Amino acid sequence: PSNKLKLAVCFFGRTYGHQTMYSSKAVNKKVRFLFGLQSIRENVFQNHDVDVYCHAWVDCQSTKEKIIKLLNPKDIIVEKQKEFYKDVIPQAFMSQFFSRSKSIDLALSSNKEYDLIVAIRYDVFFFNPVNYHVVEKNKLYIDGDSGTRDWHFVGDCTTMKKIVDMLEYASFHIERKTHLPSQGVIYFPYYKSLNLETENLLNYNPQIIDKYNTDICLVRSLD
């Protein structure tokens with residue numbers, strides 16, 4: 001369909017450094033932040049009526065200026081990284097839950113009517129236009145690797161409010177769980193507890209990693 005949707009696109013997470021090392025079949029590459037923003041403009045924004053909201057962990061003021069220049073957000077919160085926990089894994093998990101909730105909440109508290117809210121990390125690269133017209137009410141669409149599917153979230157405002165509310169649930173379980181192999185141990189039981197139906201819009205394509213002859217890769221690649 002050619003009709004435009006009114007989208008709130010909410011960016012969250014870290015914007016600097018290298019997120020992780022990706023090691024597979026002798027591939028050892030660094031994930032690059034803010035590298036996929038043009039792909040997001042083309043494949044997420046498309047020709048829709050888009051308002052952008054951002055929460056970002058930054059290490060310098062110039063990052064905020066860069067985000068504003070590239071994305072022209074309606075509202076933006078930038079912060080130096082908060083310390084939630086001393087331990088690396090709980091810290092990383094809580095950092096992401098917090099940032100995502102804050103970003104989506106900016107859209108929800110704007111009192112604007114949106115057809116859909118889309119939440120995206122700063123380190124995702126999209127290869128094809130996303131068909132948001134197929135999104136059904138009261139269903140959550142989640143894309144990414146199979147263990148977490150937390151790079152690209154899509155839903156109506158009521159559904160995405162539940163993603164904001166997941167912060168409290170995550171905090172409770174991070175405090176109490178000693179074994180946290182991945183954020184999936186929080187996400188999927190949470191969705192189940194709400195009887196929230198989930199589906200994916202896109203596919204993660206790890207083959208993309210080898211596409212570029214560089215030590216910087218597009219690990220979080222969706223097509």
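This is a predicted model: local features need pLDDT of at least 70, side-chain atom pairs count only at pLDDT 80 or more; totals for chains, interfaces and linings use all residues.

Q: What does the side chain of Asp 49 meet in a salt bridge?
A: The side chain of Lys 6, with N to O at 3.3 Å. Lys 6 belongs to strand β1 and Asp 49 to strand β4, so this pair ties together parts that are 43 residues apart in sequence.

Q: Why would two side chains pair up like that?
A: Side chains of opposite charge can pair when their charged atoms come close.

Q: OK, and which side chain does Asp 51 meet in a salt bridge?
A: That would be Lys 112, at 3.4 Å from N to O. This pair also links distant parts of the chain: Asp 51 is in strand β4, Lys 112 is in the loop between α3 and β6 (116–121), and they are 61 residues apart.

Q: Are those two buried or partly exposed?
A: One of each. Lys 112 has 38% relative accessibility, so it counts as partly exposed. Asp 51 has 4%, and buried means under 20%, so Asp 51 counts as buried.

Q: Which residues are linked in a network of salt bridges?
A: Lys 6, Asp 49, Asp 51 and Lys 112 are linked in one.

Q: How many salt bridges are there in the whole structure?
A: A search of the whole structure finds ten. One of them is between Asp 123 and Arg 121, where the closest N and O atoms are 2.9 Å apart. Asp 123 counts as buried because its relative accessibility is 5%, and Arg 121 counts as buried because it has 7%.

Q: Back to β4. Is that strand mostly covered or mostly open?
A: Mostly covered. Strand β4 spans residues 49–57, and seven of its nine residues are buried.

Q: Which strands is β4 joined to, and which way do they run?
A: Six bridges join β4 to strand β1 (residues 6–12), and these two run parallel. Five bridges join β4 to strand β5 (residues 75–79), and that pair runs parallel as well.

Q: Can you give me residues to look for? What stands opposite Cys 54, and what stands opposite Ala 56?
A: Phe 11 stands opposite Cys 54 in β4. Ala 56 stands opposite Val 78 in β5.

Q: What unit do β4, α2 and β5 make?
A: A right-handed β-α-β unit, with helix α2 covering residues 61–71.

Q: Which residues of α2 are buried?
A: Thr 63, Ile 67 and Leu 71. Looking down the helix axis, the buried residues of α2 fall within an arc of 40°, so they line one face of the helix. On the other side of α2, Gln 61 and Lys 69 are exposed.

Q: What covers the buried residues of α2?
A: The cover includes β1, α1 (37–45), β4 and β5.

Q: And just after α2, what's up with Asn 72?
A: Asn 72 takes a positive phi of about 50° there.

Q: Let's switch to α5, then. What's buried there?
A: Helix α5 runs over residues 184–193, and its buried residues are Gly 184, Ile 186, Tyr 187, Tyr 190 and Tyr 191. They cover an arc of only 165° around the axis, which puts them on the same side of α5. Their cover includes α3 (88–108), β8 (139–143), β9 (152–155), α4 and β10 (197–199).

Q: Where is Cys 157, and what does it touch?
A: Cys 157 is in helix α4 (residues 157–176). Leaving aside neighbours within four places in sequence, Cys 157 is in contact with Leu 108, Tyr 114 and Ile 117. Cys 157 and Tyr 114 are 43 residues apart in sequence, yet their C-alpha atoms are 7.1 Å apart in space. Cys 157 counts as partly exposed because its relative accessibility is 24%.

Q: Last one: what about the whole protein? How many helices and strands, and what share of residues is buried?
A: Five helices and twelve strands. Of the 223 residues, 50% are buried. The accessible surface comes to about 11100 Å², and 46% of it belongs to carbon and sulfur atoms.

Definitions and conventions: Residues are numbered from 1 along each chain as its sequence is written. Side-chain values use heavy atoms; hydrogens and water are left out. Buried means under 20% relative accessible area, exposed over 50%, partly exposed in between (1.4 Å probe, protein chains only). Helices (H or I, at least four residues) and strands (E, at least two) are DSSP runs, numbered from the N terminus. Two strands pair if DSSP finds at least two bridges between them. A crossover is right-handed if, with the strands pointing away from the viewer, the path from the first strand over the helix to the second runs clockwise. Accessible areas come from the Shrake-Rupley method with a 1.4 Å probe; for residues, only the protein chains shown count as cover. Contact means heavy atoms within 4.5 Å. The arc is that of the directions from the helix axis to the C-beta atoms. A salt bridge is a side-chain nitrogen of Lys or Arg within 4 Å of a carboxyl oxygen of Asp or Glu.
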